[in-house]
Amino acid sequence: AAGAPVEVAGDETPLVREPAVAVLLSALELLVSDDVPRDRVEELLVSPLGGLDATEVRALTRALRAVHPEVGPRELVRRAVLEPTLLDGVDGSAAARTRSLAQLLERARADIASGATAEQVLWTLWSGTPWGERLRATAVGGGHGARLAHRDLDALCALFETAARSEEQRDHTSVATFLATLSAQEIPADTLAERGVRGEAVRLLTAHRSKGLEWRLVVVAHAQEGSWPDLRRRDSLLGADRIGPLGHHGLLPPLSRGSMLAEERRLFYVAVTRPRQRLVVTAVKSPDDDGEQPSRFLDELGHPVQHRVGRPRRPLSMPGLVAEL
């Protein structure tokens, strides 16, 4: 919020939630499904694949209604993307870009019909627009736009690697199966995240992921009771975590509350020993007894806790400073 550059490891986030990946997956969904809602088609038009903005989509709808008054206005744009012939007789740059997108989807649909793999269909979609050139041109520049372009390129490379690996592991997977499998992914997958970390930026990551790493300044945020330590039982469904080592007969007893507390304390120790120079631990304290309370681990840091009330006098950003001046 303050405008500081942030690097989030991509494998902390499922691949399908990357904005650039979502664009190509939406196009795949349009190719393999007949009941994609109109809103999704409009989102594809205003995505980097379509290159339109919301104003141009509205202008396109008006132009289509003038040529095809017999078609319902809510279905016009959707059908124009699926049936490029509807754009015959419609002039303007918006219609031209929509026609290009529709023709690109037709080529990708022909690839699927000829038995192409998901990787080949994705390459047809990616290489059929100037999106790649725009991303590369932005990435070689500087500032926030270059960081976003680098992240998008890393995510797209990870998508193509996932598609290639899926093909190698399962011999031949249909595009529909690949899309369904990837869309159902709710946990982080192997990505090119670590290669995407570059420049001076704030690293945002979990305590588990920080093992073995060091920084000059580390902020451990949200050190609250209930979150740290989190003493809720996390047994697996089939109890696999209770299987003992080789030679041990029977199941291990469930973790006691004391054992869970000791494990949470070790994880907290990992987090607070990452800085080389300065450590900042933050928490909030509610005036109500049943509200948010700081973690008990704060008392074990050996440093007096500073209680600060109120907000900063202005947003800690360049626009905030300009506004104040």
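# Reading a predicted protein chain

Author: The protein chain exposes about 20000 Å². Carbon and sulfur atoms supply 55% of that area. Accessible areas come from the Shrake-Rupley method with a 1.4 Å probe; for residues, only the protein chains shown count as cover. This is a predicted model, where local features need pLDDT of at least 70 and side-chain atom pairs count only at pLDDT 80 or more, while totals for chains, interfaces and linings use all residues. Residues are numbered from 1 along each chain as its sequence is written, and side-chain values use heavy atoms, leaving out hydrogens and water.

Reader: How many helices and strands does the protein chain have?

Author: Start with the terms. Helices (H or I, at least four residues) and strands (E, at least two) are DSSP runs, numbered from the N terminus. The protein chain has 11 helices and four strands.

Reader: What share of the 325 residues is buried?

Author: Buried means under 20% relative accessible area, exposed means over 50%, and partly exposed lies in between (1.4 Å probe, protein chains only). Of the 325 residues in the protein chain, 35% are buried.

Reader: What do contacts say about the fold?

Author: A contact means heavy atoms within 4.5 Å. Take the contacts in the protein chain with a separation of 6 or more: residues 24 or more positions apart account for 67% of them.

Reader: Which residues touch the most other members of the largest nonpolar core?

Author: A nonpolar core is a set of buried Ala, Val, Leu, Ile, Met, Phe, Trp, Tyr and Cys residues joined through side-chain atoms within 4.5 Å. The largest has 54 residues, and Leu-28, Leu-105, Leu-125, Trp-131 and Leu-159 touch the most other members. Helix α1 (residues 19-32) gives the most to this core, with nine residues. A second, separate core has 14 residues, including Leu-231, Phe-268, Phe-297 and Leu-298.

Reader: What is Leu-159 in contact with, leaving aside its neighbours within four places in sequence?

Author: With those neighbours left aside, Leu-159 meets Leu-15, Val-21, Leu-24, Leu-25, Leu-122, Phe-178 and Leu-182. Now look at Thr-162, in helix α8 (residues 143-170). Neighbours within four places again aside, Thr-162 is in contact with Leu-15, Phe-178 and Leu-182.

Reader: Is Thr-162 buried or exposed?

Author: Thr-162 counts as buried, because its relative accessibility is 15%. Its side chain reaches the backbone oxygen of Ala-158 at 2.8 Å.

Reader: How do I read one face of a helix?

Author: An α-helix has 3.6 residues a turn, so residues three or four places apart point the same way. In helix α9 (residues 175-183), the buried residues are Val-175, Phe-178, Leu-179 and Leu-182. Seen down the axis of α9, they fall within an arc of 100°, so they line one face of the helix. The arc is that of the directions from the helix axis to the C-beta atoms. In helix α2 (residues 38-45), Arg-38, Val-41, Leu-44 and Leu-45 are buried. Their arc, seen down the axis of α2, is within 120°, so these residues also line one face.

Reader: How do I describe an aromatic pair?

Author: A pair of aromatic rings is described by the distance of the centres and the angle of the planes. Rings of Phe, Tyr and Trp (its six-membered ring) pair if their centres lie within 6.5 Å; planes under 30 degrees apart count as stacked, over 60 as edge-to-face and the rest as tilted. A search of the whole structure finds four such pairs. The ring centres of Trp-123 and Phe-160 are 6.1 Å apart, with planes at 70°, so this pair is edge-to-face. Trp-123 is in helix α6 (residues 118-127) and Phe-160 in helix α8, 37 residues apart.

Reader: Which rings form a cluster with Trp-228?

Author: Ring pairs link Trp-228, Phe-268 and Phe-297 into a cluster. Both Trp-228 and Phe-268 are buried.

How values were computed
Polar contact = N/O pair within 3.5 Å; in protein donor to acceptor, adjacent residues only side chain to side chain.
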